[in-house]
Structures are given as structure tokens and as C-alpha cells.
Amino acid sequence: MEFIGHILIFPFPIQGHVNSMLKLAHLFDLSNFHVTFSVPSNIHARLLAHTDVNSGRFSPRFRLQSFPAGIYEGAIDSKEGFMELCDSLNRIAKPFLRECIAQKRNFSLPFTAFISDFQLSIALDVVGEECFNLPVYYFRTISACGFWAYFSLPDLFEAGELPIKENGIDSSPITKIKGMEDFLRVRDLPPFCRDEDLAVLFYTETRLAVHARGLILNTFEDLEGPILSQIRTKCPKVYTLGPLHAHLKATLASKSTHSNSLRQEDETCMAWLDSQEPKSVIYVSFGSISVITRQQLMELWYGLVNSGKKFLWVMRSDLVAGKDEETPIPLELEEGTKANGYIVGWAPQEAVLDHPAVGGFLTHSGWNSTLESIAAGVPMICWPFFADQQMNSRFVGEVWKLGLDMKDVCDRSSVEKLIRELMEKRKGEFLERAENMGKLAKQAISEGGSSYCNFDCLIQDIIKVNEDMRKPLKNVLAS
Ligand code: UDX
């Protein structure tokens, strides 16, 4: 088969990012590209342990590659942990990627494109310092609204709308993010806006997008069109390819999904769902990183049980902080859960959301979770924690009207009230809107749809830029 290109993919090494970048890698593999997917050794080991990544899913053109030891593996729900991870990627991944591109790492085929995640500075430095002839594409795995907010942060500082003053729940308007003037409030901004170091790190990396060959986003035009138009004033080449999980599923033309989980999925919940009434279950999950307090756990739990609705809850082993202070679970919660609930440590989430019994999703509004819910036509209750999640939940509640934004509150009566509203009082209204948006998502990834066509354009761009780069050399050789 003719060689059409070899793509180096460098995800930020956490579940949500690895998940969507691996889906993109799979799409490239199915389009006959060679792909090298570079991750730290702990992610490498977990992918091998919990997925079929190295057993038949990909063609032999795909290669999962591990960085040398030393990448930070601890929790990143604190500033220190997050900074430590970024620093270690700079120290270890950067020189390693440089060696790979320079062909010092035993690759039979040269790289023809570099797709980088969050830390674009690493990719641009590596390519720029060595004058490698390699186009760099920026794939941000967050929402377009999150990306645009990060990009606009310097304008907010300039206008005095940042830094955020510490005064509890702040509903004052944010006016300096173009396209969001009418509905964005201080409390919808990413919490890192309260910390200037983090805000600077995030907007600096984001603004480097203008130096990339193209910007890839896991979203679709019908969902985020107005914000994408704003982004295109700064980055003209934006490739929206999402929802990527559905895009890949449609390309594979199979009903089954390939899991990219870094944890063992508990499939038993599927049989439990099979025994439930259609649209009767609220699925509860807060993604892979978020941590809650013992008090929040109790309030949520009471809210769920008191709502009287059926619930499937992902209670990760590391979900609750301060395990030492553990007190026994009150009897009424145990009994309420036995009657109406099912708890797992990690679920096959895509399949869960696609199950006919699921009628709502109490989510942390991580971008993958939000898109998976949208594609499945499932309305949401949003309880965001960090990064783009506050923005996503505002869009779900206020712009797309696909659910309710619970943001900043977590007491048992609010939880109960919102669940009843989503699953009972306004059920029909939310389901109708969610199902309509789900249809638009499916159109986007079907033949002729925007995400389907944009993937084609991206492929053509990767092929063309390499032909153009090699032309001068061919001309010299020919003369
Ligand atoms: C976070 C941010 O929330 C997200 O917006 C950002 O882009 C990446 O970092 P995370 O907390 O992991 O990611 O949330 P999310 O983006 O929703 O990704 C979680 C993934 O894990 C989803 O694809 C979900 O399907 C999967 N998952 C979650 C499971 O497979 N099983 C579970 O039980 C829970």
C-alpha cells in the first residue's frame, strides 16, 4: 500500500484526553495512515491492561509508544500536581519526541504530521528548534466554548474582569468574551481564573494555536457554530470532527465500542439497566479526576435516594477525599440504594448512555461526557468541577437548554429537586431537545455531514502540506 503519511500524536496524559485522541488515532489508522501514539509508561500499562489497544483493534501501522520513566503520575486535582505533570512532560517527553522526529529512535518511516494536545509549546519548540519540516496541528480535547474562553482571558485581565475576587457565588456578568456577552457570569469561568499562574499557563498555551497549521476540535458545527465563528477570526483553519466517539463508531460501522478506559469497566450494570423501564434511570458520574468531600458525597446520596428515581452511580475508588474520616453509611441510604440504585467503580459509559433505560445524566460536565450524552440524546444535570466544565455546564443549561446547571450548590434538597425536574416535571421538554441535538450530532458524522467532510479536509491538508514541503527538494534533485 502506498505510504500516505505517519502521524505523531501526543495527548495530555489523562483519561479524557487519551480517550478522544485515541479515537482520532483510530480514524487515521482506518484512513491508512501510520500512527505513533506517545504516552507515559503508566498510561501505556493501563491501556494494555484494560483495553484491546494492542490486540487487533488497529492495523500494524499503529504503534503505542511509551516515554522514558519519570513523568509525574500523581493526582492532578491540585495546582501543584498539575504543574508537576506539565514540568515533567517538558523535561522528559520533549527531548524524547525530538529524538523520535529526528529518527534517532528506530522508526522505519519519517513523520509527516505532529498532532499535539494541551501543551502545544512542546511540539512547536521541538519542531522549531531543529527546523524539522513537520506541520504541527493542535488538537484541544475541550469544548469550543472552553477553548474560546481560555483564548480570551488576556482581554478579561485587561478589562479588569479578572482576577476573580473572592466573594462566594459570583453572578456578575463577564462581558469580554465575544459571543458570550449576554449570558456568561463570573461563576461560569474556569476556577483556575482565581489563580494567575494557572490562568497565564492556560491562555499562553491556547494562544499558541495561531502558530499551528490547523486547530482540531472534538465538537460539531450545529452545536457550537457561533463560537467557532469567533475562533475562526484568530485561527482560520479549524477542523471540527466530533462527536469523535460517534464518528469512529459510524466509520467502523459497528454497534460495539472500543473502550479506551484506563480502569476496569464493570459490565454488570448493563444487565441491571436491562431490567429497568425506558428512560427511568439517572446515570451519575463525575469523570476520571474530580474528587468530592465526604459531606458532598452524603448530600448527593441523600438527594438521589430521596428523589425516588432509579440511579446508576459510578463511585470511583478515588472519588472521595479524606477516606480516613469514614463514618458508616446511614441505613436509609443503604436501603434506598438497594431498592433503587446500582453502584459501580467504573462503567462502560458510552454503552450506558446509549442504553434505552437511561433518561438523564448527573455529570461533572467533562467534555467527553457532555458529548457522549448529547450524541445519545440524554438530558443532563451539571455539577462542574474545573477546567472547561463550568463553561460547558452554562452552555448546556442556558444556550443549548439540554439540561439544568446545578453549579456551586450541592445540598440534598437541591439535588432531589433538580432530579425530579429533569426526570419528571420537565422530562418531555428536555428529552425532546436532547433527542433533536442527538440527531444533529449523528448528521454531522454521517456521509456529507460537517464532521465527516472536515475529517476528509484534514487528511487532504496533511497529505498536501507534505507534498508541498517536498517539492523544492524534488525540484533540486531534478535540476
Ligand atoms: C477532564 C475534563 O473534564 C474535560 O473537559 C477535559 O477535556 C479533559 O479532562 P474527565 O474528568 O476525565 O476529563 O472527564 P471527561 O472529559 O468527561 O472524560 C471522561 C471519560 O471517561 C469519558 O469518555 C467517559 O466515557 C469515560 N468514563 C467515565 C468511563 O468510561 N467510565 C466511567 O465510569 C466514567
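The account below begins at the ligand and then turns to selected strands and a helix.

The coordinates are those of a predicted model. In this model, 25 residues surround the ligand, and the closest are Asn19, Ser288, Ala347, Ser369 and Gln389. By class, the residues of this shell comprise eight nonpolar, 15 polar and two charged. Several polar approaches can be located within the site. A backbone N or O atom of Ala347 is placed 2.6 Å from a nitrogen atom of the ligand. Ser369 contributes a polar side-chain atom that lies 2.5 Å from a ligand oxygen atom, and a polar side-chain atom of Asp388 is found 2.7 Å from an oxygen atom of the ligand. Taken on its own, the ligand has 660 Å² of accessible area, of which the protein covers 98%. The elements that supply two or more residues to the shell are helix H1 (15–30), strand E8 (281–285) and helix H13 (367–376).

E8 and E9 pair in the parallel sense, with four bridges between them. Within this pairing, Val284 stands opposite Trp313 of E9. Strand E9 spans residues 310–314, and because four of its five residues are buried, the strand is largely enclosed by the rest of the structure.

A further parallel pairing involves strands E4 and E5. Three bridges join E4 (residues 113–116) to E5, and the two strands run parallel. Ser116 stands opposite Tyr138 in E5. Is strand E5 covered on one face or on both? Both faces are covered: Val136, Tyr138 and Arg140 on one side are buried, as are Tyr137 and Phe139 on the other. Five of the five residues of E5 (residues 136–140) are thus buried, so the strand is largely enclosed by the rest of the structure.

After the helix comes Ala253, which has a positive phi, near 50°.

How values were computed: Residues are numbered from 1 along each chain as its sequence is written. This is a predicted model: local features need pLDDT of at least 70, side-chain atom pairs count only at pLDDT 80 or more; totals for chains, interfaces and linings use all residues. Side-chain values use heavy atoms; hydrogens and water are left out. A residue is near a molecule or strand if one of its heavy atoms lies within 4 Å of it. A polar contact is a pair of N or O atoms within 3.5 Å; within protein, one must be able to donate a hydrogen and the other to accept it, and residues adjacent in sequence count only if both atoms are side-chain atoms. Accessible areas come from the Shrake-Rupley method with a 1.4 Å probe; for residues, only the protein chains shown count as cover. Ala, Val, Leu, Ile, Met, Phe, Trp, Tyr, Cys and Pro count as nonpolar, Asp, Glu, Lys and Arg as charged, and the others, Gly among them, as polar. Buried means under 20% relative accessible area, exposed over 50%, partly exposed in between (1.4 Å probe, protein chains only). Two strands pair if DSSP finds at least two bridges between them.
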